[in-house]
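Dear colleague,

I am passing on the structure below, and after it you will find my notes on what it contains. Please read them with the coordinates open beside you.

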Amino acid sequence: MTTLQTPTNNRQITLAARPQGEPKTSDFALVETPVPTISQGQVLLRTVYLSLDPYMRGRMSDAESYADPVAIGEVMVGGSVCRVEQTRNDKYQQGDWVVAFGGWQDYCVSDGVDLLKIPAQLAQKSYALGILGMPGLTAYMGLMDIGQPKAGETVVVAAATGAVGSLVGQIAKLNGCHVVGIAGGAEKCAYAVQELGFDACVDHKSGNLSDTLKQACPKGIDVYFENVGGAVFDAVMPLLNTKARIPLCGLISQYNATALPQGPDRIGMLMGKLLVKRIKMQGFIVFDDYGHRYTEFSDAMSNWLQKGQIKYKEHLVQDLNNAPEAFMGLLKGENFGKLVVQVGPDSL
């Protein structure tokens, strides 16, 4: 793993302006502040890995949501894997690895209450932000608790090679399902089938999504794991079976929208479909709804990883300065796997 030069100051990427549509470079600002000092009971954390996730786009907006927006001038929020650089807290020693919510910066301070220690035996510590972190928990709980897949059913997942979607499909295969992914581009679709073991994967950029998806789902769709919305959901909706389940995880195609999409209002059509086919569609906020079940998830996922039954791909970007560009690419589907920024060195 590449070791980066130790910064003399605390680099921070802050929100400079609220985006109108797609975020731009000018919506972010790189500032430097002194490395913070700690008081009794606190620890100084050095960010090593920073997670970039679609939900961050919502936090850049001041629209009402499940969490407060980032204020103009504040550090962008985000989960991080950190090393304890200094400690005045008896529960933590210098060099400990932890998961924090430190945001887009080199250093942060914590009283330890909000930290999760990372087991020493986890060789790749960044996995705590992905397959063993929020995306993994999201995939597992969304599929297993809301989707409730049964052997022989057809499970379709959008953003199939992303941090969440790639795990949803593999978990569904472990439960004996016929799994169809939807992804952007031939390379991603080939990876879903050849490496992740999906039965099929449909390229939503191919121009004939509805017909291709119908061919891949001859028995209709029993579980649809929604990450995208928009035209992808338009193709899925006619194929939903009676008593289908839809875990509503994300709507990334709409995050940069500034107006309603053109065309007829399809809300009535959707409501009618939900009623007549008795479809369950449920949104969820993973830590609010399932944080108390983390151990259940961690035990299952760790077991699958140990046995080689789950594959995981990480898209690693070097240097905090590149976080804004990488995040803007994430919203366009340019990443391939879980997007992580290596902010600092992986050793003290």
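The buried residues of helix H2 are Pro-135, Gly-136, Leu-137, Thr-138, Ala-139, Tyr-140, Met-141, Gly-142, Leu-143, Ile-146 and Gly-147, where buried means under 20% relative accessible area, exposed means over 50% and partly exposed lies in between, with a 1.4 Å probe and protein chains only. H2 is thus a mostly covered helix, eleven of its 14 residues being buried; helices (H or I, at least four residues) and strands (E, at least two) are DSSP runs, numbered from the N terminus.

Please keep in mind that this is a predicted model, in which local features need pLDDT of at least 70 and side-chain atom pairs count only at pLDDT 80 or more, while totals for chains, interfaces and linings use all residues. Residues are numbered from 1 along each chain as its sequence is written, and side-chain values use heavy atoms, with hydrogens and water left out.

The axes of H2 (residues 134-147) and helix H9 (residues 294-306) come within 10 Å and cross at roughly 100°; axes here are lines fitted to C-alpha atoms, for helices over the stretch in contact, and angles run from 0 to 180 degrees between N-to-C directions. H2 is therefore roughly perpendicular to H9, given that angles of 65 to 115 degrees count as roughly perpendicular, under 35 as roughly parallel, over 145 as roughly antiparallel and the rest as oblique. On the H2 side the contact (heavy atoms within 4.5 Å) is made by Gly-136, Leu-137, Tyr-140 and Met-141, and on the H9 side by Tyr-294, Glu-296, Phe-297, Ala-300 and Trp-304. Sorted by class, this contact has seven nonpolar residues, one polar and one charged, where Ala, Val, Leu, Ile, Met, Phe, Trp, Tyr, Cys and Pro count as nonpolar, Asp, Glu, Lys and Arg as charged, and the others, Gly among them, as polar.

Just after H2, Gln-148 takes a positive phi of about 45°, in a residue other than glycine. Gln-148 sits in the loop between H2 and strand E8 and is partly exposed, with a relative accessible area of 42%. Arg-278, in the loop between helix H7 (267-276) and strand E13, likewise has a positive phi, near 50°, without being a glycine, and this residue is exposed at a relative accessible area of 51%.

Helix H3 (residues 165-174) has eight of its ten residues buried, so it is largely enclosed by the rest of the structure. The buried positions in H3 are Gly-165, Ser-166, Leu-167, Val-168, Gly-169, Gln-170, Ile-171 and Ala-172, and they pack against H2, E8, E9, E11 and H9. Just after H3, Gly-176 takes a positive phi of about 80°.

Turning to the strands, six of them form an open sheet in the order E10-E9-E8-E11-E12-E13, with parallel pairing; two strands pair if DSSP finds at least two bridges between them. The edge strands are E10 (200-203) and E13 (280-283), each of which pairs on one side only, and neighbouring strands of this sheet are turned by 15° against each other on average, direction ignored. Helix H4 (residues 186-194) packs on the sheet, where it touches E9 (178-183) and E10, and its direction makes about 170° with that of E10. Within the sheet, three bridges join E8 (residues 154-158) to E11 (residues 221-225), which run parallel, and Val-156 has Tyr-224 in E11 as its bridge partner.

Strand E14 (residues 314-318) also pairs in the parallel sense, over five bridges, with strand E15 (residues 338-342), and Val-317 stands opposite Val-341 in E15. Together with helix H10 (residues 323-330), E14 and E15 make a right-handed β-α-β unit, right-handed meaning that, with the strands pointing away from the viewer, the path from the first strand over the helix to the second runs clockwise.

Finally, strand E1 (residues 10-15) has six of its six residues buried, so it is largely enclosed by the rest of the structure. Asn-10, Gln-12 and Thr-14 point one way from E1, whereas Arg-11, Ile-13 and Leu-15 point the other way. E1 is joined to strand E2 (residues 28-33) by six bridges, and the two run antiparallel; the bridge partner of Leu-15 in E2 is Phe-28.

With best regards
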